[in-house]
Amino acid sequence: MSLPVLYMVIPCYNEEEVLPKTSEMFLQELDVLINKEKISPDSKIMFVNDGSKDKTWDIICNLSKANNHFIGISQSRNRGHQNAVLAGLMEAKDKCDITISIDCDGQDDITAMEKMVDEYRGGAEVVYGVRDNRDSDTFFKRFTAQSFYKFMNFMGAEVVYNHADYRLMSSKVLQAFAEYKEVNLFLRGLIPLVGFKSTSVYYTRQERVAGESHYPLSKMIGLSVDGITSLSVKPLQMITSLGIFISVVSFILTVWAFVTQVTGNAVPGWASMTCIVSFLGGIQLISIGVIGTYVGKIYMEVKGRPRYIISDRTDDKE
């Protein structure tokens, strides 16, 4: 069996503080895997600049000039983490045997890549990097993250618990994944839909090497909304069930109101009526909002706009 060519796909957005440090860590791991003859010497570290406003792209260009294992591509503008990962995967799919996507901040255990490659050589086509615990997180972050995964599964989005976007994928999987044309991306929910033999590698997540996180709670909520609306119609089914339930309750109350009117026990008052109207109005607005979100997703999908545009490559500068 020939040694597989590995491409590390690393999205970067305003990472000028952390990139000089983690790039050495990525290169060290690549050298370890090459020296152990687990991957080909032709393997690369691909940085994907997601429209950074700082010196991230300049650093990537300098790294590529200093070492031929470093390469980079730059998007024409900021398109978000998921699109940046997708751009790197699609750029690499015809050039390598396997890819490993990982964030630039150094929090994910880089040494777990060796276990991932071992699992691939053992027959797995997809290897998920999964956190073994969240002891290093604050209570709030741990609670919200765990709730996120549980809620996603409850809503019908198939995700691997405690897995983000640290994963190995073979070229076979990437070729199949290229057939998925969604504009609204939620990679950690889409990859399991592709299928193929998969397994997990567990690791301990560390503190960020430098800089600040680009994924606050607001973005996590936005990601969960994208995941649910992109992969599940359960919210629409819940609206239907809620509508049926309210209709039944309303029918019962109508019968009760008719009976009390006939028996002469009706008590005039506006408070109860106001509460009922406000409740139904709130339900209707929420339902319209959920339906509107799906309509908006359809609107973006039918436009067929490109999910990413690569404006520059370090290869072009050589």
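The structure is a predicted model in which local features require pLDDT of at least 70 and side-chain atom pairs count only at pLDDT 80 or more, while totals for chains, interfaces and linings use all residues. Residues are numbered from 1 along each chain as its sequence is written, and side-chain values use heavy atoms, with hydrogens and water left out.

The protein contains 10 helices and eight strands, these being DSSP runs numbered from the N terminus (helices H or I, at least four residues; strands E, at least two). Of its 318 residues, 44% count as buried, where buried means under 20% relative accessible area, exposed means over 50%, and partly exposed lies in between (1.4 Å probe, protein chains only). Among contacts in the protein with a separation of 6 or more, 83% are accounted for by residues 24 or more positions apart, a contact being defined by heavy atoms within 4.5 Å.

Helix α1 (residues 19-35) packs against helix α4 (residues 112-121) at an angle of about 40°, with the axes 10 Å apart; axes are lines fitted to C-alpha atoms, for helices over the stretch in contact, and angles run from 0 to 180 degrees between N-to-C directions. This angle makes α1 oblique to α4, given that angles under 35 degrees count as roughly parallel, over 145 as roughly antiparallel, 65 to 115 as roughly perpendicular and the rest as oblique. Within α4, the buried residues are Ala112, Met113, Glu114, Met116, Val117 and Tyr120, and they pack against β1, α1, β4 (98-101), β5 (126-131), β6 and β7. Helix α4 is followed by glycine 123, for which phi is positive, near 120°.

The axes of α1 and α2 come within 11 Å and cross at roughly 35°, and this crossing too is described as right-handed. The contact involves Leu19, Pro20 and Ser23 of α1 together with Thr56, Ile59, Ile60 and Leu63 of α2, a set that divides into five nonpolar, two polar and no charged residues. In α2 (residues 56-66), Thr56, Trp57, Ile59, Ile60, Cys61, Leu63 and Ser64 are buried; these buried residues pack against β1 (6-12), α1, β2, β3 and β8 (310-313).

Three aromatic pairs are counted under a rule by which rings of Phe, Tyr and Trp (its six-membered ring) pair if their centres lie within 6.5 Å, with planes under 30 degrees apart taken as stacked, over 60 as edge-to-face and the rest as tilted. Phenylalanine 47 and phenylalanine 70 form a stacked pair, at 5.8 Å centre to centre and 20° between the planes. This pair links distant parts of the chain, since phenylalanine 47 belongs to strand β2 (residues 44-49) and phenylalanine 70 to strand β3 (residues 70-75), 23 residues apart; both residues are buried. In another pair, the ring centres of tyrosine 166 and tyrosine 203 are 5.3 Å apart and their planes stand at 75°, so the arrangement is edge-to-face. Here tyrosine 166 in strand β6 (residues 163-170) is linked to tyrosine 203 in strand β7 (residues 198-203), 37 residues apart. Tyrosine 166 is buried, with a relative accessible area of 1%, and tyrosine 203 counts as buried at 5% relative accessibility.

Several loop residues complete the description. Phenylalanine 186, in the loop between α6 (171-177) and α7 (187-194), is buried with a relative accessible area of 1%; its C-alpha atom is separated by 6.8 Å from that of glutamine 82, 104 residues apart along the chain. Proline 41 lies in the loop between α1 and β2 and, leaving aside neighbours within four places in sequence, is in contact with Ile34 and His69. The loop between α1 and β2 also holds glutamate 37, a residue other than glycine with a positive phi near 55°, which counts as exposed at 56% relative accessibility. Asparagine 14, in the loop between β1 and α1, likewise has a positive phi, near 50°, and counts as partly exposed at 24% relative accessibility.

Key
A crossing is left-handed if the near helix is turned anticlockwise from the far one by less than a right angle, and right-handed if clockwise. Ala, Val, Leu, Ile, Met, Phe, Trp, Tyr, Cys and Pro count as nonpolar, Asp, Glu, Lys and Arg as charged, and the others, Gly among them, as polar.
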